[in-house]
Amino acid sequence: MEYANQLMEYAPAQTAEQVADEVARLKKVADAKYNNAEVYKFCYSSIDLTTLSCNDSVESVTAFARKAVEFYGKYPHIPNVASICVYPSFVETVGVAVDGSPMRITSVSGGFPSSQTFLEVKMLETAMAVENGADEVDIVLNVGKMLQGSYDEAANEVEVLRGETSEVVLKVILETGALKTPELIRKASLLSMFAGADFIKTSTGKIDVAATPEAAVVMCRAIKDYYDKTGRKVGFKAAGGVRTAEDAALYYTIVREILGEEWITTDLFRIGASSAANNILSAIEGETVKYY
């Protein structure tokens with residue numbers, strides 16, 4: 001399908017200077033209104049608790065998942081994380097460990113983290129992740145195609161993988177640190193939404209520049225414009241480099257102030273994190289917590 005032509009229906013991105021000014025304003029809003037325990041609790045509940053390491057094994061992933069499930073009983077006053085995020089080969093492992101709990105399972109897929117493999121391989125990997133029990137799938141937009149201006153090809157890959165995930169949540173990772181400019185991040189956001197993304201996500205966490213407030217502002221502006229034109233709500237996920245409760249609260253602020261309170265639900269807001277979980281728990285409890 002031709003998607004690039006649809007970009008002409010949308011205004012250009014803000015300039016880098018305009019984005020920087022908006023981030024500075026929103027940081028002040030976060031400090032004044034949203035750095036508090038209730039916001040931290042919501043941010044904790046929005047986490048896709050992630051282990052994506054070359055050291056992952058059936059044993060380590062099982063222990064990780066069971067720890068997440070035990071949280072329900074140990075911290076009943078704090079809503080648990082939204083999902084556990086793993087490589088596709090561990091989806092079934094997590095499924096066994098969380099069986100009987102409400103925990104959701106997220107799988108990265110589609111040649112994560114580079115997206116540099118055959119489309120047929122991406123399709124098979126994604127279909128197998130779903131077949132093995134993934135409730136949500138995170139794929140990576142083909143950054144190389146975006147950088148060379150092959151927008152239809154990049155979006156059509158998303159459309160094909162959407163076809164393998166018709167019954168689950170599809171998050172498309174833009175790898176904004178590689179796209180760099182507000183204009184290219186905006187185009188990637190819109191193209192992903194045109195092609196059927198349920199969420200757009202900042203980063204894989206596997207390159208030097210991961211999530212930034214600047215990228216989040218551009219993405220949320222694109223989500224708002226897309227919603228205003230189509231009426232379809234698309235979620236936002238910050239991932240990579242979200243380490244502190246204050247980091248999480250800033251992304252919460254960006255989403256709430258740009259998109260509105262309707263987006264303050266785990267159906268539309270997520271944080272991809274590992275180390276941040278303990279730090280957010282510590283901020284909620286008012287003491288150092290090393291649960292994970």
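Modeller: We shall need one definition: a residue is buried under 20% relative accessible area, exposed over 50%, and partly exposed in between. Please bear in mind that this is a predicted model.

Biologist: Is Lys233 buried, exposed or partly exposed?

Modeller: The relative accessibility of Lys233 is 32%. Buried requires a value under 20% and exposed one over 50%. Lys233 therefore counts as partly exposed.

Biologist: With which residue does Glu262 form a salt bridge?

Modeller: The closest N and O atoms of the pair are 2.5 Å apart, and a salt bridge requires such atoms within 4 Å. Glu262 lies in the loop between helix 11 and strand 8, and its partner in the loop between helix 10 and strand 7. The partner of Glu262 is Lys233.

Biologist: How many residues apart in sequence are the parts that Lys171 and Glu136 tie together?

Modeller: Lys171 and Glu136 form a salt bridge, with their closest N and O atoms 2.7 Å apart. Lys171 belongs to strand 5 and Glu136 to strand 4, so the pair ties together parts separated in sequence by 35 residues.

Biologist: Which buried residue forms a salt bridge with Lys171 at 3.1 Å?

Modeller: Lys171 lies in strand 5 and this partner in strand 4, so the pair ties together parts 33 residues apart in sequence. Both residues are buried. The partner at 3.1 Å is Asp138.

Biologist: How many salt bridges are there in the whole structure?

Modeller: Some salt bridges share partners and join residues into one network, among them Arg104, Lys171 and Arg270. A search of the whole structure gives a total of 20.

Methods. Residues are numbered from 1 along each chain as its sequence is written. This is a predicted model: local features need pLDDT of at least 70, side-chain atom pairs count only at pLDDT 80 or more; totals for chains, interfaces and linings use all residues. Side-chain values use heavy atoms; hydrogens and water are left out. A salt bridge is a side-chain nitrogen of Lys or Arg within 4 Å of a carboxyl oxygen of Asp or Glu. Helices (H or I, at least four residues) and strands (E, at least two) are DSSP runs, numbered from the N terminus. Buried means under 20% relative accessible area, exposed over 50%, partly exposed in between (1.4 Å probe, protein chains only).
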